Amino acid sequence: MNGLFRFGAVVGSGMTAQAADSAGADYLLALNAGRFRVQGASSLTSYLPVRSANDWVFEFSEREILGRCKAPVFAGLSVSDPSLDVAQLVDRARTLGFAGVCNFPPTSLLEGRIATMLAREGLGFARELELVRAAARQDMAALAHVVSHAEAHAMAEAGATVICVNLGFTGGGTGVTTRWSVESAAIEIDRILADIPSGIDKLCIGGPITSPEEALAVTRISRVQGYIAGSTLDRFPLEQTLRDVAHSFKAIPRLATMEVGGTESETALIGGSSAMQEVRRHLRALEGSDVPVLIQGATGTGKTTCAKLLHANSPLGRRAPVIVDCPSLTAEAGSALLLGTTTARGALEQAGGSAVILEEVPALEPAHQGQLLRFSDEGVIQRIGELSPRKVEARIIATSSVALGAFDAFRRDLYYRLAAEEITLPPLRDRLDDIPELALHLGRQMLGGETPRFTNAALRILLIHTWPGNVRELRNTVRRAVTAADGMTIGQRHLNFLRVDTDPTTKGTKSAAQERGTLTERDWISEALVRNRFQRARTAQDLGMSTRTLYSKIKKYGLLP
């Protein structure tokens with residue numbers, strides 16, 4: 001597969017269309033088969049003279065879909081009626097607001113006497129070529145269903161913008177059995193699409209493909225660039241489930257482009273989402289600089305990792321940074337740890353010629369903020385018990401889980417000095433497309449370089465979880481799943497702990513967070529404490545943080561039993 005993965009969805013209702021559209025579908029195909037499935041009938045019914053197929057598509061699309069979705073909507077049009085004026089039909093579709101048309105149901109899937117008769121009368125594939133030519137003349141997109149190499153080339157010459165290899169109706173709930181395996185389907189697709197110009201999108205539909213894993217397998221071993229999901233979507237009755245399945249298919253590009261290997265610095269901020277691309281762009285812009293930087297983001301988003309990467313690519317990166325856990329600095333001992341004593345250097349002095357990373361800087365006591373302000377302004381520290389200041393040159397990189405500029409307990413003058421540059425790391429829930437890539441990377445780390453396989457059901461669970469603990473929670477989730485799976489394949493049962501409280505004393509009950517449907521950091525820590533019976537060492541390990549950090553957060557949120 002070359003280029004971006006394209007995902008299309010066959011839709012027969014506004015709910016299906018909007019669910020697929022919100023998940024990022026690249027194409028929406030309004031087909032009478034989709035409408036039949038919504039009403040409980042098989043896709044095969046689309047070939048029966050139940051009612052005017054084209055009028056029906058126009059009717060439900062105009063009422064429920066057009067103008068409500070961002071993705072381009074294609075009208076599935078049947079042109080085997082000899083009384084139809086194809087040019088007028090295309091013009092009607094354009095006037096209604098369709099972005100394009102497609103030949104559906106394709107006559108090439110018919111066999112026997114009916115197929116022979118339609119071909120003889122010029123009402124079969126030849127008529128569908130006329131549909132594509134008419135769309136091209138009106139500057140409309142045209143998606144062409146084809147079943148052979150000759151048809152693919154004829155449609156490309158007629159002006160099709162998308163060629164879709166139709167492998168027949170999907171096996172399972174359609175009343176038919178597919179003859180294709182995933183491997184044989186990929187070989188056939190490759191044969192059909194040979195020599196099709198690169199400017200034409202190449203998709204497939206139907207046959208043996210019913211999951212993202214199968215779509216991924218086909219794209220890896222053939223030249224097809226995407227997949228159109230039909231009954232795969234409509235078999236799911238709930239809007240949220242539809243969206244989740246569509247998200248699973250949209251995650252395929254992340255799965256397909258993952259490569260084994262990469263150093264920690266290269267893979268620390270994984271993800272192709274626009275949010276992570278912006279973070280990496282900002283980091284690259286700061287290479288060669290030693291200005292103070294404030295890195296903000298929710299717990300578990302990778303602030304310290306980002307800080308280390310930022311330092312490593314700076315002029316001071318030859319020396320390791322000094323990391324200070326600000327929540328652990330007590331009012332009594334904190335000054336000595338920061339500034340040093342007559343017999344020992346403090347953290348700021350140890351960072352001379354390098355950088356100091358101040359983790360969770362809002363936790364600094366007011367006195368420590370004043371000391372840091374002087375260091376930031378004058379570049380000097382004064383050890384406890386000494387009378388003379390010492391000159392120290394060190395870069396400051398601070399991290400914060402709260403919006404420091406709006407944090408009343410933090411000095412404004414110090415904030416402005418620390419935030420010469422600001423980087424904000426997005427929460428995991430705002431970059432769901434990165435989850436498959438992150439999960440595969442984390443799984444490889446835990447399997448010594450071997451790449452795990454996540455089933456469709458497992459991937460769906462990862463995509464619908466709210467991730468209050470962000471990447472840190474995902475890391476521990478993958479670790480638990482890999483341990484539970486005891487192999488390379490991670491299925492739904494290996495991730496059920498994300499949705500079900502495992503503590504036997506709480507079975508049958510829902511937490512307040514579960515009732516609300518969302519989790520805050522306080523909820524996340526509270527439920528982990530309950531799950532681990534308030535044993536802090538076990539809870540800290542479960543959450544992937546130090547016991548000292550956990551204790552600070554317990555105090556912060558008032559979770560002491």
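Angles here run from 0 to 180 degrees between the N-to-C directions of axes fitted to C-alpha atoms, and the model is a predicted one.

**Close-up 1. Helix 3 alongside helix 4.** Here helix 3 (residues 53-64) packs with helix 4 at an angle of about 5°, and their axes sit 11 Å apart. Angles under 35 degrees count as roughly parallel, so helix 3 and helix 4 get that label. On the helix 3 side, the contact comes from Asn 54, Asp 55, Phe 58 and Glu 62; helix 4 brings Leu 89, Arg 92, Ala 93 and Leu 96. Sort the residues of this contact by class and you get four nonpolar, one polar and three charged.

**Close-up 2. Helix 4 crossing helix 6.** Now helix 4 (residues 86-96) meets helix 6 (residues 125-137): the axes come within 9 Å and cross at roughly 50°. That angle is why helix 4 counts as oblique to helix 6. The crossing of the two is right-handed. Val 86, Ala 87 and Val 90 make the contact from helix 4, while helix 6 puts in Arg 127, Glu 130, Leu 131, Ala 134 and Ala 135.

**Close-up 3. Strand 2 and its pairing with strand 1.** Strand 1 (residues 6-11) pairs with strand 2 in the parallel sense, over four bridges. Look for Ala 9: its bridge partner in strand 2 is Leu 28. Within strand 2 (residues 27-30), Leu 28 points one way together with Ala 30, and Tyr 27 and Leu 29 point the other way.

Definitions and conventions. Residues are numbered from 1 along each chain as its sequence is written. This is a predicted model: local features need pLDDT of at least 70, side-chain atom pairs count only at pLDDT 80 or more; totals for chains, interfaces and linings use all residues. Side-chain values use heavy atoms; hydrogens and water are left out. Angles under 35 degrees count as roughly parallel, over 145 as roughly antiparallel, 65 to 115 as roughly perpendicular and the rest as oblique. A crossing is left-handed if the near helix is turned anticlockwise from the far one by less than a right angle, and right-handed if clockwise. Contact means heavy atoms within 4.5 Å. Buried means under 20% relative accessible area, exposed over 50%, partly exposed in between (1.4 Å probe, protein chains only). Two strands pair if DSSP finds at least two bridges between them. Ala, Val, Leu, Ile, Met, Phe, Trp, Tyr, Cys and Pro count as nonpolar, Asp, Glu, Lys and Arg as charged, and the others, Gly among them, as polar.
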